[in-house]
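The sequence and the structure come first.

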Amino acid sequence: MVVVVWLVTAAVAALTDASSSYGMALWSGLRHLFDPGSLGDDETTAQRIVGVTQVFTGLIFLAGVAFTVLADGVDRGLRRLSDAQPHVTTTGHLLVIGSGHVRDAFLDALAEATEQPPFDTVVTLSPSRDDGPPQRATRPYRLVERIGAALDPAALAAAGAADAGAVVIAGGTSGDPDVADLASLEAASALAEQLPDPPPLVAVHVERADNVNLVWPALPAAFDAVPGDRNLGAILAMGIALPAYPSVLGVGSGVNDSRLCVVDADGLVGVPFGATLERFAAAVPLGLVRGDEARYAPAPDTSIAGGDRLVVLANNPERARERRDHASTTPPSSAAALEVTPVAPDPGHVLIVGWSEAGADLLRELPDAEDLTVLATLDEAPPGVPASSLLTGDPRDTERLAAAIDAARPAIVVVLGGSNGGSDAIGVHARATLIALKVARIIARPEVTIVVELDASEPAQRLRAADPRIRVISRGELVARALLQSCTERAGLEAEQALARDRTIDIVPVRCDAEAPVLFADAHRALLADGAVPLVLTRDGEEVDLLDPVAATVRPGDGLLLLRRRCE
């Protein structure tokens, strides 16, 4: 626009004889555009009219440029001011590095873990503002958000890494587990350089245990890898073998958020293990940790030695440490003796819908692969599955799914839907959820159990509410819970892992056949004498937490899920 005004006004000046030539008119126009004082050189009316027009055009142009530059400078300054992140000044806080559904499930698990969260302040370090934690109405801790790369020392310093009481690396949002695991390992290495010596507890989420086995020894002992595929096959197998105990799908022990905790044996040295139950106010003793070895269901006359720790079932570590003030060494005895009958697991025919790495993990845990059918888009039967047990077809096809259900007549349906290396995790969850809902609609029998494996937590919560027959195993929830234990109660997590590795322990469902109710303290002692400890009780088809007041007595017909030591 300025150039047009310049050329046109110069032409007018030349035509009206305000300038001697068009060239001189152009030169005069340039002077007027950039030097308002040149108006003093104009002598004729025509020159002044043209000059004023050019001067005003120049002023508008220069003012516009100046305003634009000023506005851009102010905007950049404001952006730098808003992006400036003051260093976290608190100490002993929990630092959560990363993004994605595992991070979100962990923050939720932390909020729901206990009445008083183990950390007053939680600092999150997300790669961008869009990856920040979701908004929640309330959280029982103060949440401080920081933005920055996990490998950036300045970002780690701003998040207070050196002063953190514990750190969780939750990975990211990549659908490729190898890419996500590499990012977690790089973040762990960068973090190790910023932490003091000795470092706080650091829990790192990885998708596959195989990705960390070789590199993990290079990191400090305070770093703990929490793989997403840990014990998944065993949990799925328990869901098939123990449909009456859905808590084993998410917790492995107890309901109502009960979990394994490890506590010091303060004041119990010399006390027989069989007499420890009445010493605890809100915990059930399950075993001993002596040295580096965890032993479940020890003989009741095993004396507690100095340095021993006890593995107990409790709602949280604080409650696990509470003791009775005046515990009797000999609790009141029941009139009836405890009699239990093993309930042989007989899940019936199993229909596996879809296929993934979790399916291979499941087959390694099942004693017999003959009594199952697989519906999946596979060219050949997976290793361990007879060719006659494979039904080829798309599980999303309602007619094909209905035909497979009609042919298999399953007692248990397992829908496999973990991301397992796929790049479309959200789509995988949606498809698995829709398949599970179709199965629930097709099968009207109330005794059928539908076990669904998902990765994310929020779809799992919604799916559980859709049908009481649906049991959901969420990798995200399992990992979130393990991360929480790793950074707050690592000894309890190690006790659970020891239990999973202990081949001398069986998980056995039994039925109480006593003639009259038996006090739980007497039942606990009787089971210990038989080399077992109880995990969960069932009554009238519903699970009952052993810490619930209604479990103070074991009634005839109640079910018990036991940890039983094999005869040596």
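## Salt bridges

R290 is partly exposed, with a relative accessible area of 40%; buried means under 20% relative accessible area, exposed over 50%, and partly exposed in between (1.4 Å probe, protein chains only). The model is predicted: local features need pLDDT of at least 70, side-chain atom pairs count only at pLDDT 80 or more, and totals for chains, interfaces and linings use all residues. Residues are numbered from 1 along each chain as its sequence is written, and side-chain values use heavy atoms, with hydrogens and water left out.

R290 forms a salt bridge with D308, the closest N and O atoms being 2.6 Å apart; the term stands for a side-chain nitrogen of Lys or Arg within 4 Å of a carboxyl oxygen of Asp or Glu. R290 lies in strand β8 and D308 in the loop between β9 (293–296) and β10 (309–314), so the pair ties together parts that are 18 residues apart in sequence. Helices (H or I, at least four residues) and strands (E, at least two) are DSSP runs, numbered from the N terminus. D308 counts as buried, at 5% relative accessibility. The structure holds 13 salt bridges.

Another of them joins the side chains of R525 and E278 (3.5 Å, N to O). This pair links distant parts of the chain: R525 is in helix α15, E278 is in the loop between β7 (259–264) and β8 (284–290), and they are 247 residues apart. R525 is partly exposed, with a relative accessible area of 27%, while E278 counts as buried at 10% relative accessibility.

R566 and D506 also meet through their side chains in a salt bridge (2.7 Å, N to O). R566 lies in the segment after β23 and D506 in strand β18, so the pair ties together parts that are 60 residues apart in sequence. R566 is partly exposed, with a relative accessible area of 43%, and D506 is partly exposed, with 27%.

## The antiparallel sheet

Five strands form an open sheet in the order β11-β18-β23-β20-β21, with antiparallel pairing. Two strands count as paired if DSSP finds at least two bridges between them. β11 (340–342) and β21 (542–544) stand at the edges with a single partner strand each, so one side of each is left without a neighbour in the sheet. Direction ignored, neighbouring strands of this sheet are turned by 35 degrees against each other on average. Axes are lines fitted to C-alpha atoms, for helices over the stretch in contact, and angles run from 0 to 180 degrees between N-to-C directions.

Three bridges hold the antiparallel pairing of β11 and strand β18 (residues 505–512). In this region P342 stands opposite V510 of β18. Helix α15 (residues 520–529) packs on the sheet, touching β20 (532–539) and β23 (559–565), and its direction makes about 135 degrees with that of β20. Contact means heavy atoms within 4.5 Å.

## The parallel sheet

A further open sheet has six strands in the order β3-β2-β1-β4-β5-β6, and its pairing is parallel. Its edge strands are β3 (142–147) and β6 (223–227), each of which pairs on one side only. Neighbouring strands here are turned by 20 degrees against each other on average, direction ignored.

Strand β4 (residues 166–169) runs parallel to strand β5 (residues 201–206), and four bridges join them. The bridge partner of I169 in β5 is V204. Helix α6 (residues 177–192) lies across β1 (94–97), β4, β5 and β6, running at about 165 degrees to β5. α13 packs on the sheet too, touching β1, β4, β5 and β6; its direction makes about 160 degrees with that of β5.

## Cores and helix α9

A nonpolar core is a set of buried Ala, Val, Leu, Ile, Met, Phe, Trp, Tyr and Cys residues joined through side-chain atoms within 4.5 Å. In the largest one, with 78 residues, L236, Y296, L310 and V414 touch the most other members. Helix α7 (residues 232–241) supplies the largest share of this core, six residues. A second, separate core of 26 residues includes L95, A188, V212 and F223.

Not counting residues up to four places away in sequence, the contacts of L310 include C261, V262, V263, L268, F273, F280 and I304.

Which residues of helix α9 (residues 357–365) are buried? They are A358, G359, D361, L362 and L363. The buried residues of α9 pack against α7, β12 (350–353), β13 (372–376), β15 (412–416), β16 (449–454) and α13 (475–488).
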